[in-house]
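Hi,

Here's the structure I promised to pass on.

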Amino acid sequence: MNADLWKSATEIFERALDMLPRERAAFVDASTSGRDDLAAIVKGMLAEDESDSTLLDDGIESVAHLAFDEPSDALKPGDTVGDFEIISEIGSGGMGIVYAARDSKLGRIAALKLLSSSVNDGRSSDQLIAEAQAASALDHPNVATIYQVGEASDGRRFIAMARYDGETLRDRIRQGPLPPREAFDIARQIASGLAAAHSAGLIHRDVKPENIFLTQQGLAKLLDFGIATLTTADQSESNRGTVLYMSPEQVSRQFAGPASDVWSLGIVLFEMLTGRTPFAGSTPAEVMSAIQDASTIRLPVEIRKLPYAAVEAVRRSVEKNPQKRYRNAAEFLTALDKAARLWTRPRTIRILAAAAVVVIVGGWLGYQQLRSNGATPAPVALAVLPVAGDSSDKDAVALATTLSDEIAARVVGLRRMRLTRPADPAHVTPAPGLHLLRLSVQQNGQYPRISVSLEDAESHKILMSSNRILNRGELREIGRDFVIGTLDAIGRPASDRERAAIGRSFPANSQAYDAFLHGNELLAIRTPASVESAMVSFRRATQEDSMFAAAYARQAYAYTLLVDWGWKPSASFPGDPLTEALSLADRATRLDSTSADAWLARAYILVGKDPLHFTGAVEAFQYAIALDPYNAEAFHQYGQTLMALGRYTEALAAYRRVLDLEPDRAMTLVPMAAINRRLGKRLESLSYLDSAIAAFPQVAYARATRSLLRAQLGDIAGARNDAEAAAKIASSYRVPQLAALASARWSSGERSSALKALSDAEEIVAATPSPTEAFWICAAEVALGRSDRAKEYLRRASPRGAVLWFMFQAEEFESFLKDSEMAAIIREADPRKPIG
Amino acid sequence: MSDHTESLLAGARAGNKEALDTLFSLAYDELRRIARRMRNDRMQTMSTTAIVHEAYLKLLPSRVPANDAAHFKLLIARAMREVLIDAARRRQAGKRGKGDMAVTLDDDIQAAPLEASQLLDLHEALDELGRVDPRRASVVECRFFGGLDIDETAAALSLSTATVKRDWRIARAWLAHALKSGTGSD
């Protein structure tokens, strides 16, 4: 081949790639006419370009064995090591080969691990024996039993341990991520074994999937106690084994105590849940520097979707700073136990996998639709199976998972179906009308493909199947086609209006999707700063995709949330926030008239527009809820609205619905506590707050609220504790905790520090306090006996509507409201009085 | 070791051919040493990529400029190519009964291992590509033999990732075609 031929060939090849496949042949023929050699090369290259499996795709790993073309010092059957006779090789671990061996004295079969010679680092065998046997002596069901530790005739050391039937966790993870229930169960068992070790003063130092054995009886056993310390001494020599599970303190060679094992187990749990480690895919040096840097590990969507307690258990186990991590396996175990309990009862739609989950569906809209059809069709249910995938492209699998969620939500939302989320197809009980929706990702050559299939669970008939290249620029088309295909296949095809709308719930490309998901994540944090960042993210999503209805709706919602909090958007968001928000919500509704999010935003905006009567808001909430009966956020805001309107019973029902949908959404317990208090049920109120604080120890205003309640109940010390704890929590908005602190200190007789706290609070209170702000500051002023100042704040409070009325129904203000001017302000705000 | 590598790298950067050769043979020996040790240990991570990364860590001084470090990866990828080709040649020789090699086949490592002969064919086709288009041949060396990803390859060759992707696609198509049609040895 000469340079000219090559140059022509690559030019034609590249131009052909830019064409549609059907145009290519003619183009190639025309450009290579009369040059057979050129034509052969270009056509050959185009054919190979489409092929999924060239030699180069098989990758160098398939020739790797050549590099290992060196003599081995493995043992053969019949060789003896100590008292053991080798039967066969059964596998290889990180530090050597494992054999099945017969104990010639006792006759039993053991697994014998022969440590490679390079592991012999000069440390005494006595120490190895001591550590390994100390671990064995724990006699814990989750720690593998060690029979003997010794030295072979060639000086290599060996460990003989009990042989179990089963597989290593590594083998298990290779088959894909584990269902959360199983992952947490395994983590719990290993934490239990480690906890026993830690309390005996032993550190494992090498917890990783290779060292966790899963027996057929369902027990998880921790292997290789005591051996790990040998490798740490060897790390400078070569980064043997894996660094993926090393804790920051191990990497930086500082003291690696019990918390270091917590970290490693946390990374193992992360890997069980996601199929990957947080630092995978880089060189050991890069991994080590990522482990050591100060940045927090970002939890991927598979983990963030789990209930709060589960997310928290993962998050705190992989805190880079060992001080912030669970200090030892026992603490981690407590958190894991709490998380594991979440899977012992039915869970919500938001939770991926776990046991089969059924969400009850109602909604008057659905019933109306059914009734208007005349006949009553058989109930239809959809079971969405976890995304299967053999793609090495983890992003593709994560993307498919999110896409699967959106497709399910869309189909279920449109057709009022029952939704289940079985972790395992084997757990599905076939029933009439039950359909299985399955998405999977395959890596074919360069591109991941996504396929969907819908199966009748009873007849196993495939009703629909389709498969596409997972082109990140075509998410909208893929999502819409899959939803429309599914609706067709279940015999409830989409109407024209629905067809037009369906696409808009999917983003046009993955940039838009990423921005949208990131926005949701920020929105869930619910601090002013995070919500403003969320708005920026949603705006980016709409910039990437100007037809993305859901992103407009969420942006509108975030806007309104900020307004509600009395927080003024920064300069990057000009214009009157509510007007802006309303135009975003309108835009969302025009793009997708079935968008529950858009109706939710509209409802919330109406609350802001008419703070006295909330005209139209209640109906808009009801409409949003009818469109999406699984929207916990909608129920939450609906509850807030009902509560402010004094419709306490309905509000409590809405809040209960929130907790049904998202049991981990413990912040909902705070308004439930408030309602109970208004109803005079102080002890119920207290128990709601206790639960909220147990779930969210870091939320200052829950503690501040409990501080006030405890003071009411005469628990001065408890009130003081809560207020002091609340004040210590870093928070961008500090009025509630400072106000609570002022009251609590005053009651304890510390008057000057109480005044200091109150003046700190007054400094940050707005000139025109919001109703909530007025509540906190007035409560403190009243507690400190400064009613005149409280009156001034209430006079300036705005808006004088339902929320203000509700807040001042608190017992603290009974005598304060004897003042006729104050009473008039509150009476004027009462939403229950007739309009006009 | 590291200090030595550092001065060799400086020499190589200044265009000293001898320094480059020395670096190459250092890399070659290290790769073989690591491969041997991994074999004995039956490491889980027994893959060429793991060997390459370990050699890289081992040989590269910590204070080296990022640019040198990236280019050093290309050198290691080339050395890995050499290690594998030499092993494949020995394997071929052993099959023909010419050599007296201590061949220990590990056929169970991969269900369908690439034949040594295919690897040698690829080596030749890649040489041919290198004669007309050295840049794209280097991309293949980095990606295939060095186990580098697109970004690492781009850094090693001072190219944009878009160029690396396009080069890889072209080189991949041609190499596959050449191997199939036997044009590689024309």
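Below is what I found about two helix pairs in chain A. Keep in mind that this is a predicted model.

Let's start with α21(A) and α22(A). Helix α21 of chain A covers residues 528–544, and helix α22 of chain A covers residues 549–564. Their axes are 9 Å apart, and the two helices pack at an angle of about 155°. Angles over 145 degrees count as roughly antiparallel, so that is what α21(A) and α22(A) are to each other. Their crossing is left-handed. On the α21(A) side, the contact includes A:Pro528, A:Val531, A:Met535 and A:Phe538. From α22(A), the residues taking part include A:Tyr552, A:Ala558, A:Leu561 and A:Leu562. Sorted by class, this contact has 12 nonpolar, 2 polar and 3 charged residues.

Now for the second pair. Helix α30 of chain A spans residues 700–712, while helix α31 of chain A spans residues 716–728. Here the axes come within 8 Å and cross at roughly 160°. By the cut-off of 145 degrees, α30(A) and α31(A) are therefore roughly antiparallel to each other. The crossing of α30(A) past α31(A) is left-handed. Among the contact residues of α30(A) are A:Ala700, A:Arg703, A:Ser707 and A:Arg710. Those of α31(A) include A:Ile716, A:Gly718, A:Asp722 and A:Ala726. The breakdown for this contact is 8 nonpolar, 2 polar and 4 charged residues.

Cheers

Definitions and conventions
Residues are numbered from 1 along each chain as its sequence is written. Chains are lettered from A and ligands numbered from 1 in the order in which they are written. This is a predicted model: local features need pLDDT of at least 70, side-chain atom pairs count only at pLDDT 80 or more; totals for chains, interfaces and linings use all residues. Axes are lines fitted to C-alpha atoms, for helices over the stretch in contact, and angles run from 0 to 180 degrees between N-to-C directions. Helices (H or I, at least four residues) and strands (E, at least two) are DSSP runs, numbered from the N terminus. Angles under 35 degrees count as roughly parallel, over 145 as roughly antiparallel, 65 to 115 as roughly perpendicular and the rest as oblique. A crossing is left-handed if the near helix is turned anticlockwise from the far one by less than a right angle, and right-handed if clockwise. Two residues are in contact if their C-beta atoms, placed from the backbone, lie within 7 Å. Ala, Val, Leu, Ile, Met, Phe, Trp, Tyr, Cys and Pro count as nonpolar, Asp, Glu, Lys and Arg as charged, and the others, Gly among them, as polar.
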